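Subject: Handover of a structure

Dear colleague,

Please find below the structure that I am handing over to you. The notes that follow it set out what was found.

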Amino acid sequence: MTFSSTLLTKLKSSERVVVFTGAGISAESGVPTFRGEDGIWIKFKPEELANFDAFMKNTELVWEWYKHRKRIIQNILPNAGHFAIVEMETYFKSVSVITQNIDNLHRRAGSKIVYELHGNIERNYCIGCGKNYSNEEIFLQETAPRCTSCKGLIRPDVVWFGENLPTDEWNASVRAAEFADIIFVVGTSAVVYPAASLPTLARRAGAFVVEINIEPTELSRYADEVLIGKAGEVLLRVVELVKNL
Ligand code: OAD
């Protein structure tokens with residue numbers, strides 16, 4: 001893989017770095033992506049599983065599916081890509097991770113600033129009174145879990161289709177994108193909005209856009225540099241490069 005001289009210059013002068021991630025960064029940890037050949041949305045229908053109406057109509061089915069995903073995610077580990085992003089913190093003034101992933105792997109790897117745009121599968125809350133529940137508490141109930149205080153339905157703290165993104169995380173992400181010198185867009189098909197608007201927002205505000213993906217995406221034509229390859233491998237190369245600047 002070759003890096004352009006412009007990228008080298010940008011890396012040298014950059015202070016504020018944003019890393020915007022999608023399912024592809026967790027693929028090497030064993031978490032399936034959403035789209036593509038083995039994508040979750042090829043096998044399951046988002047309209048049956050990932051929206052509030054479906055949850056109210058097919059509560060047991062939706063919970064069965066989320067418990068299954070919670071178990072998968074509980075048993076995996078952050079990979080080289082997640083750790084390379086943590087290491088970037090040594091070389092730049094600030095590194096903000098904006099993720100569409102709900103798997104908590106950036107935090108588990110040790111990234112300090114993480115904005116989770118689509119929630120976090122390790123959290124749950126009661127739709128009646130808002131009380132929070134851990135996954136351990138959820139697994140204690142065999143059927144769709146109910147709140148121990150108000151008997152309301154508990155739901156996973158993830159953003160479903162048709163729902164708004166968490167306001168604080170979104171506002172902080174927009175600010176980070178606007179102030180970024182360089183933004184790495186890693187392992188996302190960049191088709192789910194509003195999250196997918198952040199790389200172009202950053203670009204309009206002056207950031208250098210570097211895409212890392214195993215194949216070109218909707219975003220590629222707007223990127224200043226496209227690095228084709230697995231997130232873990234490419235990010236390690238980038239960190240090596242930065243270390244030796
Ligand atoms: P997608 O499944 O749409 O895209 C995953 C991207 O990762 C694709 O562009 C792949 O080419 C790329 N990819 C796969 N393996 C890779 C690897 N090892 N290294 C680098 N890239 C790799 O996932 P997202 O873009 O994250 O939303 O999907 C966005 C949103 O759609 C998700 O957050 C989820 C989903 O519906 C909600 O649940 C609200």
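Which residue in S6 is the bridge partner of glycine 119? The partner is valine 158. Before the details, please note that this is a predicted model, in which local features need pLDDT of at least 70, side-chain atom pairs count only at pLDDT 80 or more, and totals for chains, interfaces and linings use all residues. Residues are numbered from 1 along each chain as its sequence is written, and side-chain values use heavy atoms, with hydrogens and water left out.

Helices (H or I, at least four residues) and strands (E, at least two) are DSSP runs, numbered from the N terminus. Two strands are said to pair if DSSP finds at least two bridges between them.

Glycine 119 and valine 158 belong to an open sheet of three strands, ordered S5-S4-S6 with antiparallel pairing. Strand S5 (132–134) and strand S6 (154–158) are at the edges with a single partner strand each, so one side of each has no neighbour in the sheet. Direction ignored, neighbouring strands here are turned by 40° against each other on average.

Strand S4 (residues 119–126) is joined to S6 by four bridges, and S4 pairs with S5 over three bridges. Within the pairing of S4 and S5, tyrosine 125 stands opposite asparagine 132. These two strands form a hairpin with five residues between them, and glycine 130 in the turn has a positive phi of about 85°.

Helix H6 (residues 59–74) lies across S4 and S6 and runs at about 135° to S4. Angles of this kind run from 0 to 180 degrees between N-to-C directions, and axes are lines fitted to C-alpha atoms, for helices over the stretch in contact.

The parallel sheet

Six strands make up an open sheet with parallel pairing, in the order S3-S2-S1-S7-S8-S9. The edges are strand S3 (113–116) and strand S9 (225–228); each has a single partner strand, so one side of each is left without a neighbour in the sheet. Strand S1 (residues 16–21) runs parallel to S7, with five bridges joining them, and valine 17 stands opposite isoleucine 182 in S7.

A pair of helices

Helix H7 (residues 80–91) packs against helix H12 (residues 231–243) at an angle of about 20°, and their axes are 8 Å apart. The two are therefore roughly parallel to each other (angles under 35 degrees count as roughly parallel, over 145 as roughly antiparallel, 65 to 115 as roughly perpendicular and the rest as oblique). Contact means heavy atoms within 4.5 Å; among the residues of H7 that meet H12 are Ala84, Ile85 and Met88, and the H12 side includes Leu235, Val239 and Lys243.

Aromatic pairs and backbone details

Rings of Phe, Tyr and Trp (its six-membered ring) pair if their centres lie within 6.5 Å; planes under 30 degrees apart count as stacked, over 60 as edge-to-face and the rest as tilted. The count by this rule is eight aromatic pairs. In one of them, tryptophan 41 and phenylalanine 161 have ring centres 6.1 Å apart and planes at 55°, so the pair is tilted. It links distant parts of the chain, 120 residues apart: tryptophan 41 is in helix H3 (residues 40–43), and phenylalanine 161 is in the loop between S6 and helix H10 (167–179).

Tyrosine 193 and proline 194 are joined by a cis peptide bond with omega of about 10°. Proline 194 is in the loop between strand S7 (182–186) and helix H11 (198–204). Asparagine 104, a residue other than glycine, has a positive phi near 70° and lies in the loop between strand S2 (94–99) and helix H8 (105–109).

Yours sincerely
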